[in-house]
Amino acid sequence: MNVYDGQRITNMLEKFGMIQTDNVADADLIILNTCAVRAKATDKVYSALGRIRRTKKKSALLGIVGCVARESGADAFKRIPELNFVLGPQSYHKIPDIIKNPDAKLLNIDLGGLEKFDELPQMTKSPTVAYIPIQEGCNHCCTYCIVPYTRGRELSRPYNDVIKDMINAANNGAIEICFLGQNVNGYKYTDSDGKLYKLSDLIRETAKRPEIHRIRFTSSYPTEMSDDLIDMFGTEPKLLPFLNMPIQSGSPRILKKMNRPDDINAYKTIVHKLKSVRPDIQISSDFIVGFPDETDDDFEQTLNIAREIKYINSYSFKYSPRPHTAAAIMPNQISEQIKSVRLYKLDSLLNENQREFNMSCIGREMICLYEGIDKTGNNMVFRTPYMQPCIVQGTDDKISPLQKIKITDANKASLRGEIIK
Ligand code: 5AD
Ligand code: SF4
(Lines give C-alpha, C1' and ligand atoms only; values in the text may rest on other atoms or scores of the structure.)
(Ligands and ions follow the chains in the order given, each with its own letter.)
Protein backbone atom coordinates (compact mmCIF):
# COMPACT_ATOMS: atom_id res chain seq x y z
CA MET A 1 0.00 0.00 0.00
CA ASN A 2 2.83 2.39 0.83
CA VAL A 3 4.60 1.65 -2.46
CA TYR A 4 1.36 2.53 -4.24
CA ASP A 5 0.89 5.73 -2.19
CA GLY A 6 4.48 6.69 -3.03
CA GLN A 7 3.83 6.21 -6.75
CA ARG A 8 0.70 8.39 -6.58
CA ILE A 9 2.56 11.14 -4.71
CA THR A 10 5.40 11.10 -7.26
CA ASN A 11 2.94 11.22 -10.15
CA MET A 12 1.05 14.13 -8.56
CA LEU A 13 4.24 16.15 -7.99
CA GLU A 14 5.47 15.52 -11.53
CA LYS A 15 2.37 17.41 -12.64
CA PHE A 16 3.83 20.38 -10.75
CA GLY A 17 7.01 20.10 -12.78
CA MET A 18 8.98 18.47 -9.97
CA ILE A 19 11.53 15.75 -10.54
CA GLN A 20 12.87 13.13 -8.15
CA THR A 21 16.29 13.35 -6.56
CA ASP A 22 18.12 10.80 -4.43
CA ASN A 23 20.08 13.52 -2.70
CA VAL A 24 18.39 15.16 0.29
CA ALA A 25 20.67 18.21 0.02
CA ASP A 26 19.35 18.94 -3.50
CA ALA A 27 15.65 18.58 -2.69
CA ASP A 28 13.17 21.47 -2.49
CA LEU A 29 10.50 19.19 -1.04
CA ILE A 30 11.14 16.18 1.18
CA ILE A 31 8.39 13.72 2.02
CA LEU A 32 8.60 10.71 4.30
CA ASN A 33 5.85 8.22 3.54
CA THR A 34 5.54 6.33 6.80
CA CYS A 35 4.35 3.10 8.43
CA ALA A 36 3.24 2.84 12.07
CA VAL A 37 2.49 -0.88 12.29
CA ARG A 38 5.42 -1.58 14.61
CA ALA A 39 7.23 0.80 16.99
CA LYS A 40 10.51 0.27 15.12
CA ALA A 41 9.03 1.70 11.91
CA THR A 42 7.84 4.80 13.77
CA ASP A 43 11.21 5.25 15.51
CA LYS A 44 12.98 5.07 12.16
CA VAL A 45 10.88 7.97 10.86
CA TYR A 46 11.96 10.23 13.70
CA SER A 47 15.63 9.29 13.43
CA ALA A 48 15.47 9.92 9.66
CA LEU A 49 13.82 13.30 10.30
CA GLY A 50 16.62 14.15 12.75
CA ARG A 51 19.19 13.43 10.04
CA ILE A 52 17.29 15.17 7.26
CA ARG A 53 16.72 18.41 9.14
CA ARG A 54 20.49 18.82 9.44
CA THR A 55 21.28 18.06 5.79
CA LYS A 56 18.40 19.64 3.91
CA LYS A 57 18.48 23.07 2.23
CA LYS A 58 17.14 25.71 4.61
CA SER A 59 14.36 26.59 2.18
CA ALA A 60 13.33 22.98 1.53
CA LEU A 61 9.85 21.97 2.64
CA LEU A 62 9.74 18.90 4.88
CA GLY A 63 6.75 16.70 5.68
CA ILE A 64 5.53 13.31 6.76
CA VAL A 65 2.56 11.50 5.26
CA GLY A 66 0.94 8.17 6.08
CA CYS A 67 0.31 6.30 9.29
CA VAL A 68 2.99 7.91 11.52
CA ALA A 69 1.55 11.31 10.55
CA ARG A 70 -1.87 10.10 11.65
CA GLU A 71 -0.46 8.53 14.82
CA SER A 72 1.58 11.61 15.84
CA GLY A 73 -0.73 14.42 14.70
CA ALA A 74 0.28 17.91 15.94
CA ASP A 75 2.87 16.34 18.28
CA ALA A 76 5.06 15.78 15.22
CA PHE A 77 5.49 19.57 14.87
CA LYS A 78 6.60 19.77 18.51
CA ARG A 79 9.15 16.98 18.08
CA ILE A 80 10.49 18.29 14.76
CA PRO A 81 9.84 22.07 14.48
CA GLU A 82 11.24 22.10 10.91
CA LEU A 83 8.25 20.05 9.71
CA ASN A 84 5.97 21.95 7.32
CA PHE A 85 3.26 19.33 6.88
CA VAL A 86 1.80 16.27 8.57
CA LEU A 87 -0.77 14.47 6.40
CA GLY A 88 -2.49 11.18 7.22
CA PRO A 89 -2.98 8.30 4.76
CA GLN A 90 -6.29 9.68 3.48
CA SER A 91 -5.05 13.23 2.87
CA TYR A 92 -1.73 13.09 1.03
CA HIS A 93 -3.44 14.56 -2.04
CA LYS A 94 -3.23 17.86 -0.11
CA ILE A 95 0.58 18.09 -0.45
CA PRO A 96 0.22 20.74 -3.23
CA ASP A 97 -1.42 23.09 -0.66
CA ILE A 98 1.95 23.45 1.06
CA ILE A 99 3.68 24.24 -2.22
CA LYS A 100 1.15 27.01 -2.79
CA ASN A 101 1.44 28.26 0.79
CA PRO A 102 4.92 27.33 2.08
CA ASP A 103 4.72 29.44 5.25
CA ALA A 104 1.79 27.46 6.65
CA LYS A 105 1.97 24.48 8.98
CA LEU A 106 -0.31 21.99 7.28
CA LEU A 107 -1.98 19.32 9.44
CA ASN A 108 -4.65 16.95 8.18
CA ILE A 109 -5.10 13.54 9.73
CA ASP A 110 -8.83 13.17 9.00
CA LEU A 111 -10.04 9.76 7.95
CA GLY A 112 -13.11 10.98 6.08
CA GLY A 113 -13.90 9.03 2.95
CA LEU A 114 -11.73 8.12 0.00
CA GLU A 115 -11.77 11.53 -1.75
CA LYS A 116 -8.08 11.27 -2.51
CA PHE A 117 -8.85 8.80 -5.31
CA ASP A 118 -11.07 11.42 -7.00
CA GLU A 119 -8.63 14.25 -6.51
CA LEU A 120 -5.32 12.67 -7.51
CA PRO A 121 -4.38 13.09 -11.18
CA GLN A 122 -4.70 9.95 -13.31
CA MET A 123 -1.53 7.91 -13.76
CA THR A 124 -0.22 8.40 -17.29
CA LYS A 125 2.29 5.56 -17.22
CA SER A 126 2.16 2.30 -15.36
CA PRO A 127 4.86 0.04 -13.99
CA THR A 128 4.54 -3.57 -15.26
CA VAL A 129 3.09 -4.41 -11.86
CA ALA A 130 0.21 -2.03 -11.18
CA TYR A 131 -1.03 -1.82 -7.59
CA ILE A 132 -4.69 -0.90 -7.36
CA PRO A 133 -6.24 -0.29 -3.93
CA ILE A 134 -9.81 -1.55 -3.84
CA GLN A 135 -10.57 -0.95 -0.20
CA GLU A 136 -8.91 0.87 2.64
CA GLY A 137 -9.11 0.65 6.38
CA CYS A 138 -10.16 -2.36 8.39
CA ASN A 139 -13.12 -3.32 10.59
CA HIS A 140 -11.52 -6.40 12.08
CA CYS A 141 -9.92 -4.78 15.10
CA CYS A 142 -7.24 -7.36 15.83
CA THR A 143 -6.17 -6.33 19.33
CA TYR A 144 -2.49 -5.75 18.38
CA CYS A 145 -3.12 -3.67 15.27
CA ILE A 146 -2.96 0.11 14.87
CA VAL A 147 -4.31 0.05 11.29
CA PRO A 148 -8.02 0.53 12.17
CA TYR A 149 -6.88 3.67 14.01
CA THR A 150 -4.48 5.00 11.35
CA ARG A 151 -6.37 4.06 8.18
CA GLY A 152 -9.86 4.06 9.65
CA ARG A 153 -12.93 1.95 9.13
CA GLU A 154 -13.19 -0.22 6.08
CA LEU A 155 -14.35 1.45 2.86
CA SER A 156 -14.60 -0.28 -0.52
CA ARG A 157 -14.04 1.82 -3.64
CA PRO A 158 -16.79 1.93 -6.28
CA TYR A 159 -16.49 -1.02 -8.68
CA ASN A 160 -16.46 1.21 -11.77
CA ASP A 161 -13.63 3.36 -10.37
CA VAL A 162 -11.48 0.27 -9.77
CA ILE A 163 -12.21 -1.04 -13.27
CA LYS A 164 -11.32 2.38 -14.72
CA ASP A 165 -7.96 2.30 -12.89
CA MET A 166 -7.35 -1.26 -14.08
CA ILE A 167 -8.08 -0.40 -17.73
CA ASN A 168 -5.93 2.71 -17.46
CA ALA A 169 -3.05 0.61 -16.06
CA ALA A 170 -3.51 -2.01 -18.80
CA ASN A 171 -3.46 0.68 -21.50
CA ASN A 172 -0.32 2.18 -19.98
CA GLY A 173 1.87 -0.88 -19.82
CA ALA A 174 0.74 -2.99 -16.86
CA ILE A 175 1.09 -6.75 -17.21
CA GLU A 176 0.31 -7.71 -13.65
CA ILE A 177 -2.46 -6.26 -11.51
CA CYS A 178 -2.17 -6.49 -7.74
CA PHE A 179 -5.37 -5.56 -5.92
CA LEU A 180 -4.65 -4.04 -2.52
CA GLY A 181 -6.47 -3.67 0.74
CA GLN A 182 -5.86 -4.22 4.43
CA ASN A 183 -8.76 -6.66 4.18
CA VAL A 184 -8.74 -7.10 0.41
CA ASN A 185 -11.04 -10.10 0.19
CA GLY A 186 -13.61 -8.23 2.29
CA TYR A 187 -14.19 -5.98 -0.76
CA LYS A 188 -17.92 -5.36 -1.21
CA TYR A 189 -19.50 -2.61 -3.24
CA THR A 190 -23.20 -2.14 -3.97
CA ASP A 191 -23.99 0.17 -6.89
CA SER A 192 -27.03 2.47 -7.21
CA ASP A 193 -29.06 -0.37 -8.80
CA GLY A 194 -28.42 -2.56 -5.76
CA LYS A 195 -25.98 -4.86 -7.57
CA LEU A 196 -23.30 -6.25 -5.26
CA TYR A 197 -19.71 -6.55 -6.52
CA LYS A 198 -17.04 -8.66 -4.82
CA LEU A 199 -13.35 -9.29 -5.36
CA SER A 200 -14.15 -12.26 -7.60
CA ASP A 201 -16.05 -9.87 -9.96
CA LEU A 202 -13.01 -7.59 -10.17
CA ILE A 203 -10.76 -10.55 -10.96
CA ARG A 204 -13.12 -11.91 -13.64
CA GLU A 205 -13.33 -8.54 -15.37
CA THR A 206 -9.56 -7.95 -15.15
CA ALA A 207 -8.80 -11.38 -16.62
CA LYS A 208 -10.68 -10.36 -19.80
CA ARG A 209 -8.01 -7.77 -20.63
CA PRO A 210 -5.51 -9.26 -23.06
CA GLU A 211 -2.69 -6.97 -21.80
CA ILE A 212 -3.00 -8.37 -18.28
CA HIS A 213 -1.33 -11.76 -17.77
CA ARG A 214 -1.05 -11.99 -14.00
CA ILE A 215 -3.49 -11.10 -11.22
CA ARG A 216 -2.96 -11.26 -7.47
CA PHE A 217 -4.30 -9.61 -4.33
CA THR A 218 -3.11 -8.92 -0.81
CA SER A 219 -3.80 -9.14 2.15
CA SER A 220 -6.56 -11.65 2.82
CA TYR A 221 -8.47 -12.29 6.01
CA PRO A 222 -9.00 -16.05 6.44
CA THR A 223 -12.74 -16.11 7.15
CA GLU A 224 -13.46 -13.78 4.20
CA MET A 225 -12.14 -16.38 1.75
CA SER A 226 -15.59 -17.02 0.26
CA ASP A 227 -16.26 -19.96 -2.06
CA ASP A 228 -16.70 -17.72 -5.14
CA LEU A 229 -13.18 -16.40 -4.54
CA ILE A 230 -11.68 -19.83 -3.86
CA ASP A 231 -13.28 -21.10 -7.07
CA MET A 232 -11.56 -18.33 -9.06
CA PHE A 233 -8.25 -20.09 -8.41
CA GLY A 234 -9.63 -23.10 -10.26
CA THR A 235 -11.20 -21.26 -13.17
CA GLU A 236 -8.96 -18.27 -13.80
CA PRO A 237 -5.43 -19.20 -14.89
CA LYS A 238 -4.29 -15.56 -14.77
CA LEU A 239 -4.75 -15.60 -11.01
CA LEU A 240 -1.30 -16.50 -9.65
CA PRO A 241 -1.08 -19.79 -7.70
CA PHE A 242 0.04 -17.92 -4.61
CA LEU A 243 -2.00 -16.46 -1.76
CA ASN A 244 -1.04 -14.39 1.27
CA MET A 245 -3.51 -15.41 3.99
CA PRO A 246 -2.05 -14.51 7.40
CA ILE A 247 -2.80 -16.80 10.35
CA GLN A 248 -0.60 -14.82 12.85
CA SER A 249 -0.52 -17.63 15.45
CA GLY A 250 -1.19 -21.38 15.58
CA SER A 251 -2.71 -21.24 19.06
CA PRO A 252 -6.51 -20.84 19.33
CA ARG A 253 -6.03 -19.39 22.83
CA ILE A 254 -3.76 -16.61 21.50
CA LEU A 255 -5.89 -16.08 18.38
CA LYS A 256 -8.88 -15.45 20.65
CA LYS A 257 -6.87 -12.84 22.58
CA MET A 258 -5.83 -11.33 19.23
CA ASN A 259 -9.53 -11.16 18.23
CA ARG A 260 -8.64 -13.26 15.17
CA PRO A 261 -10.53 -16.29 13.77
CA ASP A 262 -9.49 -19.03 16.22
CA ASP A 263 -10.78 -22.15 14.48
CA ILE A 264 -7.59 -23.71 13.11
CA ASN A 265 -9.57 -26.47 11.43
CA ALA A 266 -11.67 -23.92 9.53
CA TYR A 267 -8.41 -22.30 8.35
CA LYS A 268 -7.06 -25.66 7.23
CA THR A 269 -10.34 -26.36 5.39
CA ILE A 270 -9.85 -23.17 3.35
CA VAL A 271 -6.29 -24.25 2.46
CA HIS A 272 -7.62 -27.68 1.55
CA LYS A 273 -10.34 -26.21 -0.70
CA LEU A 274 -7.78 -23.98 -2.40
CA LYS A 275 -5.51 -26.95 -3.04
CA SER A 276 -8.36 -29.00 -4.43
CA VAL A 277 -9.21 -26.36 -7.07
CA ARG A 278 -5.55 -25.38 -7.68
CA PRO A 279 -3.19 -28.21 -6.65
CA ASP A 280 -0.06 -26.11 -7.28
CA ILE A 281 -1.12 -23.22 -5.01
CA GLN A 282 1.24 -22.06 -2.26
CA ILE A 283 0.24 -20.06 0.80
CA SER A 284 2.10 -17.33 2.62
CA SER A 285 1.42 -15.99 6.11
CA ASP A 286 2.33 -13.24 8.52
CA PHE A 287 3.17 -14.30 12.08
CA ILE A 288 3.45 -12.46 15.35
CA VAL A 289 5.53 -14.05 18.11
CA GLY A 290 5.48 -13.02 21.76
CA PHE A 291 1.92 -11.73 21.88
CA PRO A 292 0.95 -11.04 25.54
CA ASP A 293 0.57 -14.27 27.54
CA GLU A 294 1.96 -16.49 24.74
CA THR A 295 3.39 -19.61 26.43
CA ASP A 296 5.98 -22.05 25.08
CA ASP A 297 3.11 -24.37 24.28
CA ASP A 298 1.21 -21.66 22.32
CA PHE A 299 4.38 -20.91 20.39
CA GLU A 300 4.91 -24.62 19.70
CA GLN A 301 1.47 -24.62 18.03
CA THR A 302 2.61 -21.78 15.76
CA LEU A 303 5.64 -23.85 14.74
CA ASN A 304 3.33 -26.82 14.12
CA ILE A 305 1.00 -24.94 11.78
CA ALA A 306 3.99 -23.46 9.90
CA ARG A 307 5.37 -26.98 9.49
CA GLU A 308 2.01 -28.38 8.40
CA ILE A 309 0.95 -25.74 5.86
CA LYS A 310 4.55 -25.36 4.62
CA TYR A 311 4.10 -21.66 4.06
CA ILE A 312 6.34 -19.87 1.60
CA ASN A 313 7.31 -16.15 1.35
CA SER A 314 6.15 -15.46 4.90
CA TYR A 315 6.81 -12.63 7.30
CA SER A 316 7.32 -12.97 11.04
CA PHE A 317 7.47 -10.21 13.60
CA LYS A 318 8.05 -9.75 17.30
CA TYR A 319 4.90 -8.41 18.90
CA SER A 320 5.22 -4.63 19.27
CA PRO A 321 2.83 -2.82 21.63
CA ARG A 322 1.11 0.01 19.77
CA PRO A 323 -0.85 3.02 21.02
CA HIS A 324 -4.66 2.89 20.67
CA THR A 325 -4.63 -0.94 20.77
CA ALA A 326 -6.12 -3.28 23.37
CA ALA A 327 -3.15 -5.68 23.47
CA ALA A 328 -0.73 -2.93 24.54
CA ILE A 329 -2.32 -2.88 28.01
CA MET A 330 -2.90 -6.63 28.36
CA PRO A 331 -1.18 -8.37 31.29
CA ASN A 332 1.70 -10.83 30.87
CA GLN A 333 3.66 -8.94 28.23
CA ILE A 334 6.51 -11.12 26.96
CA SER A 335 10.15 -10.11 27.40
CA GLU A 336 12.20 -9.01 24.38
CA GLN A 337 14.58 -11.86 25.06
CA ILE A 338 11.88 -14.54 24.77
CA LYS A 339 10.44 -12.81 21.67
CA SER A 340 13.88 -12.89 20.04
CA VAL A 341 14.39 -16.60 20.76
CA ARG A 342 10.93 -17.44 19.38
CA LEU A 343 11.41 -15.28 16.31
CA TYR A 344 14.72 -17.00 15.59
CA LYS A 345 13.11 -20.46 15.86
CA LEU A 346 10.16 -19.52 13.66
CA ASP A 347 12.36 -17.82 11.08
CA SER A 348 14.61 -20.89 10.88
CA LEU A 349 11.58 -23.06 10.17
CA LEU A 350 10.10 -20.64 7.61
CA ASN A 351 13.47 -20.35 5.88
CA GLU A 352 13.76 -24.12 5.72
CA ASN A 353 10.25 -24.34 4.18
CA GLN A 354 11.24 -21.69 1.65
CA ARG A 355 14.50 -23.45 0.78
CA GLU A 356 12.70 -26.75 0.31
CA PHE A 357 10.09 -25.17 -1.95
CA ASN A 358 12.73 -23.31 -3.96
CA MET A 359 14.72 -26.55 -4.43
CA SER A 360 11.56 -28.34 -5.58
CA CYS A 361 11.28 -25.79 -8.40
CA ILE A 362 14.56 -26.92 -10.04
CA GLY A 363 13.77 -28.40 -13.42
CA ARG A 364 10.37 -26.69 -13.70
CA GLU A 365 9.50 -24.25 -16.47
CA MET A 366 7.68 -21.12 -15.38
CA ILE A 367 6.41 -17.98 -17.08
CA CYS A 368 8.15 -15.18 -15.20
CA LEU A 369 7.78 -11.41 -15.20
CA TYR A 370 10.83 -9.23 -15.81
CA GLU A 371 11.62 -6.91 -12.91
CA GLY A 372 14.97 -5.31 -13.76
CA ILE A 373 18.73 -5.64 -13.47
CA ASP A 374 20.26 -6.90 -10.22
CA LYS A 375 22.76 -5.02 -8.06
CA THR A 376 25.79 -6.41 -9.88
CA GLY A 377 24.51 -5.00 -13.17
CA ASN A 378 25.22 -8.33 -14.88
CA ASN A 379 21.98 -10.26 -14.36
CA MET A 380 18.28 -9.88 -14.97
CA VAL A 381 15.77 -10.47 -12.17
CA PHE A 382 12.36 -11.99 -12.88
CA ARG A 383 9.43 -12.89 -10.59
CA THR A 384 8.02 -16.37 -10.75
CA PRO A 385 4.27 -16.99 -10.33
CA TYR A 386 5.10 -17.62 -6.63
CA MET A 387 6.84 -14.24 -6.39
CA GLN A 388 10.28 -15.81 -5.94
CA PRO A 389 13.07 -13.75 -7.47
CA CYS A 390 14.65 -15.66 -10.35
CA ILE A 391 18.06 -14.58 -11.64
CA VAL A 392 19.03 -15.02 -15.27
CA GLN A 393 22.58 -14.32 -16.42
CA GLY A 394 23.12 -11.46 -18.86
CA THR A 395 21.17 -8.31 -19.68
CA ASP A 396 18.96 -7.29 -22.58
CA ASP A 397 17.44 -3.79 -22.89
CA LYS A 398 14.79 -5.00 -25.27
CA ILE A 399 13.65 -8.07 -23.40
CA SER A 400 9.90 -8.58 -23.49
CA PRO A 401 8.56 -8.70 -19.96
CA LEU A 402 7.14 -12.24 -19.93
CA GLN A 403 9.60 -15.06 -20.45
CA LYS A 404 9.43 -18.82 -20.13
CA ILE A 405 12.28 -19.76 -17.81
CA LYS A 406 13.69 -23.15 -16.91
CA ILE A 407 14.77 -23.19 -13.25
CA THR A 408 18.32 -24.52 -13.00
CA ASP A 409 19.35 -23.81 -9.40
CA ALA A 410 17.93 -22.57 -6.11
CA ASN A 411 18.81 -21.48 -2.61
CA LYS A 412 16.80 -20.12 0.32
CA ALA A 413 16.47 -16.61 -1.13
CA SER A 414 16.17 -17.02 -4.88
CA LEU A 415 16.16 -19.17 -8.00
CA ARG A 416 18.42 -19.23 -11.02
CA GLY A 417 17.19 -19.98 -14.47
CA GLU A 418 17.63 -19.88 -18.22
CA ILE A 419 15.28 -18.33 -20.73
CA ILE A 420 13.74 -20.92 -23.03
CA LYS A 421 13.78 -19.52 -26.55
N1 5AD B 1 3.32 -6.04 16.36
C2 5AD B 1 3.93 -6.89 15.49
N3 5AD B 1 3.46 -7.16 14.26
C4 5AD B 1 2.31 -6.54 13.89
N5 5AD B 1 1.59 -6.62 12.75
C6 5AD B 1 0.52 -5.81 12.86
N7 5AD B 1 0.53 -5.20 14.06
C8 5AD B 1 1.63 -5.65 14.72
C9 5AD B 1 2.17 -5.41 16.02
N10 5AD B 1 1.58 -4.58 16.88
C11 5AD B 1 1.95 -7.50 11.64
C12 5AD B 1 0.86 -8.53 11.36
C13 5AD B 1 0.27 -8.04 10.07
C14 5AD B 1 1.46 -7.37 9.41
C15 5AD B 1 1.13 -6.40 8.35
O16 5AD B 1 2.11 -6.71 10.49
O17 5AD B 1 1.49 -9.79 11.19
O18 5AD B 1 -0.25 -9.08 9.28
FE1 SF4 C 1 -4.83 -5.06 11.30
FE2 SF4 C 1 -5.07 -6.90 9.32
FE3 SF4 C 1 -6.26 -7.30 11.71
FE4 SF4 C 1 -7.19 -5.45 10.03
S5 SF4 C 1 -7.15 -7.71 9.68
S6 SF4 C 1 -6.90 -5.17 12.24
S7 SF4 C 1 -5.28 -4.63 9.12
S8 SF4 C 1 -4.02 -7.18 11.28
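Trainee: Where does P401 sit?

Mentor: P401 is in the loop between β18 (389-393) and β19 (402-410). Strands here are DSSP runs of E with at least two residues, helices are runs of H or I with at least four, and both are numbered from the N terminus.

Trainee: And what is this numbering based on?

Mentor: This is a predicted model, in which local features need pLDDT of at least 70 and side-chain atom pairs count only at pLDDT 80 or more, while totals for chains, interfaces and linings use all residues. Residues are numbered from 1 along each chain as its sequence is written, chains are lettered from A and ligands numbered from 1 in the order in which they are written, and side-chain values use heavy atoms, with hydrogens and water left out.

Trainee: Why is P401 called partly exposed?

Mentor: Its relative accessible area is 27%. Buried means under 20%, exposed means over 50%, and partly exposed is in between (1.4 Å probe, protein chains only). P401 is therefore partly exposed, at 27%. Its C-alpha atom is separated by 19 Å from that of N168, 233 residues apart along the chain.

Trainee: What makes L274 buried?

Mentor: L274 has 0% relative accessibility, so it counts as buried. L274 is found in helix α12. The C-alpha atoms of L274 and Q135 are separated by 23 Å, and the two residues are 139 apart along the chain.

Trainee: How do you know that D5 forms a salt bridge with R151?

Mentor: The closest N and O atoms of D5 and R151 are 3.1 Å apart. A salt bridge needs a side-chain nitrogen of Lys or Arg within 4 Å of a carboxyl oxygen of Asp or Glu. The pair therefore meets the cut-off, with 3.1 Å. D5 is in helix α1 (residues 2-14) and R151 in the loop between α7 (147-150) and β7 (155-156). That links distant parts of the chain, 146 residues apart.

Trainee: Are D5 and R151 buried or exposed?

Mentor: D5 is buried, at 1% relative accessibility. R151 is buried too, with a relative accessible area of 4%.

Trainee: What makes E136 and K116 a salt bridge?

Mentor: Their closest N and O atoms are 2.8 Å apart. E136 lies in strand β6 (residues 135-136) and K116 in helix α6, so the pair ties together parts that are 20 residues apart in sequence. E136 has a relative accessible area of 1% and is buried. K116 is at 0% and counts as buried.

Trainee: Which residues are linked with K116 in a network of salt bridges?

Mentor: D5, E136 and R151 are linked with K116 in that network. A search of the whole structure finds 31 salt bridges.

Trainee: How do you know that D296 and R342 meet in a salt bridge?

Mentor: The N to O distance is 2.8 Å. D296 is in helix α13 (residues 296-309) and R342 in helix α14 (residues 336-360), 46 residues apart. D296 is exposed at 57%, whereas R342 is buried at 6%.

Trainee: Why do such side chains pair?

Mentor: Side chains of opposite charge can pair when their charged atoms come close.

Trainee: Which residues form a negative surface patch?

Mentor: D110, E115, D118 and E119 form it. Asp and Glu count as negative, Lys and Arg as positive; His and the chain ends are not counted. Patch residues have over 30% relative accessible area and no salt bridge, and like charges are joined within 9 Å. E115 is partly exposed at 38%. E115 is placed in the loop between β4 (106-108) and α6 (116-119).

Trainee: Why does R278 count as buried?

Mentor: R278 has 12% relative accessibility, so it counts as buried. R278 is placed in the loop between α12 (264-277) and β13 (282-284). A polar atom of its side chain lies 2.9 Å from the backbone oxygen of L239.

Trainee: What is the phi of C141?

Mentor: Phi of C141 is near 55 degrees, a positive value in a residue other than glycine. C141 is in the loop between β6 and α7, and C141 is partly exposed at 34%. H324 also is not a glycine and has a positive phi, about 70 degrees. H324 is found in the loop between β15 (315-318) and α14.

Trainee: Which residues does a cis peptide bond join?

Mentor: T218 and S219, with omega about 10 degrees. S219 lies in the loop between β11 (214-218) and α10 (227-235).

Note on methods:
Patches are made of residues with over 30% relative accessible area and no salt bridge: like charges are joined within 9 Å, nonpolar side chains (Val, Leu, Ile, Met, Phe, Trp, Tyr) within 5 Å. Accessible areas come from the Shrake-Rupley method with a 1.4 Å probe; for residues, only the protein chains shown count as cover. The place of a charge is taken as NZ of Lys, CZ of Arg, CG of Asp or CD of Glu. A polar contact is a pair of N or O atoms within 3.5 Å; within protein, one must be able to donate a hydrogen and the other to accept it, and residues adjacent in sequence count only if both atoms are side-chain atoms.
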